[in-house]
Amino acid sequence: MVPQEHFLIFTPGNDAPALFTAALRSDGGITRSFALVELGVTSDTPGDSLAEREQKQGFRTSLSRVKELAASLGIPHLTLYIDPPTPDTVTATVLGICRDHPGAQYSVLLAGASVPVTTGLFRMAAWLGADISSAGRKAAVQPLTLPQFRVNDLVANPNYGAILTLLHSKPAVKDGAPSGIPRRQLFGSMKDLYLPVRTLAGRPAHRGLTPGNFSQMLATLIGWGLVAEQKNSAGVKGRLYGITPDGELVFSLLSSASR
């Protein structure tokens, strides 16, 4: 095989052609691409409503446009159907690509897919050492970094997951207002969710949530890149806390594991 082969594996979103174009622009040198699509998203079923059939037809048309765009650029492209939509099916599919093309470099783009499919592709991306990105609004491609922590440290303390859950479900903010939850509000919400857990150093757990251990947990999540801290608006004391794109991904993984 050609040593410079660089493969893009992605899960198409609502606007697959725009997503594909943005991914190529972000990862230069792509030589082959693969779209992982859940079969139920494209296949008509007897119980589908007219709106559902139109939506599926629109998705199929979008996938055809991606294939045409790739062909115009001289990039071989395949649509691979994931059925059933489970992490194991994704693993088997990606392993098939690896067996057929040993030694390739990989870029993975997580966009429009269910949590199980996203989880499976993220896991395989980590094993492959792939460059990982996610798609934001208007097909904006944003790089994702692999977590700089041990997963066991994260799941060993359920309070980390509780904080991410609170930040994930933050209330809507007014236009122009800084985004995030004030520290005092976040602390108050965590009081009811707090579970005594020994620290990573093995010290006994606090029976209740204190400003000290709350600050420690926040600092840890910030250090792991899962939570962002910012100043409040001018004239308002305190800081605001929000979940980062990596934090949203970890939240989805934790939610999937708990089902």
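At roughly what angle do the axes of helix H7 and helix H9 cross? In this predicted model, the axes of H7 (residues 158–168) and H9 (residues 211–223) cross at roughly 75° and come within 11 Å. Angles from 65 to 115 degrees count as roughly perpendicular, so that's the label for H7 and H9. On the H7 side, the contact is made by Asn159, Tyr160 and Ile163, while H9 brings Phe214, Met217, Leu218, Thr220 and Leu221. Sort those residues by type and you get six nonpolar, two polar and no charged.

Two of these names turn up again in the largest nonpolar core, which has 24 residues: Ile163 and Phe214, along with Leu167 and Leu186, touch the most other members. H7 gives the largest share, six residues. Leu167 is worth a click: leaving aside residues up to four places away in sequence, Leu167 touches Ile181, Leu186, Val227, Tyr241, Gly242 and Ile243. Another core, of 22 residues, lies apart from this one and includes Leu36, Val90, Val108 and Leu249.

Now for the charges. The whole structure has four salt bridges. In one of them, Lys56 pairs with Asp48, with the closest N and O atoms 2.9 Å apart, and both residues are buried. Asp88 and Arg123 meet at 3.9 Å, N to O. Asp88 sits in helix H4 and Arg123 in helix H5, so this pair ties together parts that are 35 residues apart in sequence. Here Asp88 is exposed, at 59% relative accessible area, whereas Arg123 is partly exposed at 35%.

How values were computed: Residues are numbered from 1 along each chain as its sequence is written. This is a predicted model: local features need pLDDT of at least 70, side-chain atom pairs count only at pLDDT 80 or more; totals for chains, interfaces and linings use all residues. Side-chain values use heavy atoms; hydrogens and water are left out. Axes are lines fitted to C-alpha atoms, for helices over the stretch in contact, and angles run from 0 to 180 degrees between N-to-C directions. Helices (H or I, at least four residues) and strands (E, at least two) are DSSP runs, numbered from the N terminus. Angles under 35 degrees count as roughly parallel, over 145 as roughly antiparallel, 65 to 115 as roughly perpendicular and the rest as oblique. Contact means heavy atoms within 4.5 Å. Ala, Val, Leu, Ile, Met, Phe, Trp, Tyr, Cys and Pro count as nonpolar, Asp, Glu, Lys and Arg as charged, and the others, Gly among them, as polar. A nonpolar core is a set of buried Ala, Val, Leu, Ile, Met, Phe, Trp, Tyr and Cys residues joined through side-chain atoms within 4.5 Å. Buried means under 20% relative accessible area, exposed over 50%, partly exposed in between (1.4 Å probe, protein chains only). A salt bridge is a side-chain nitrogen of Lys or Arg within 4 Å of a carboxyl oxygen of Asp or Glu.
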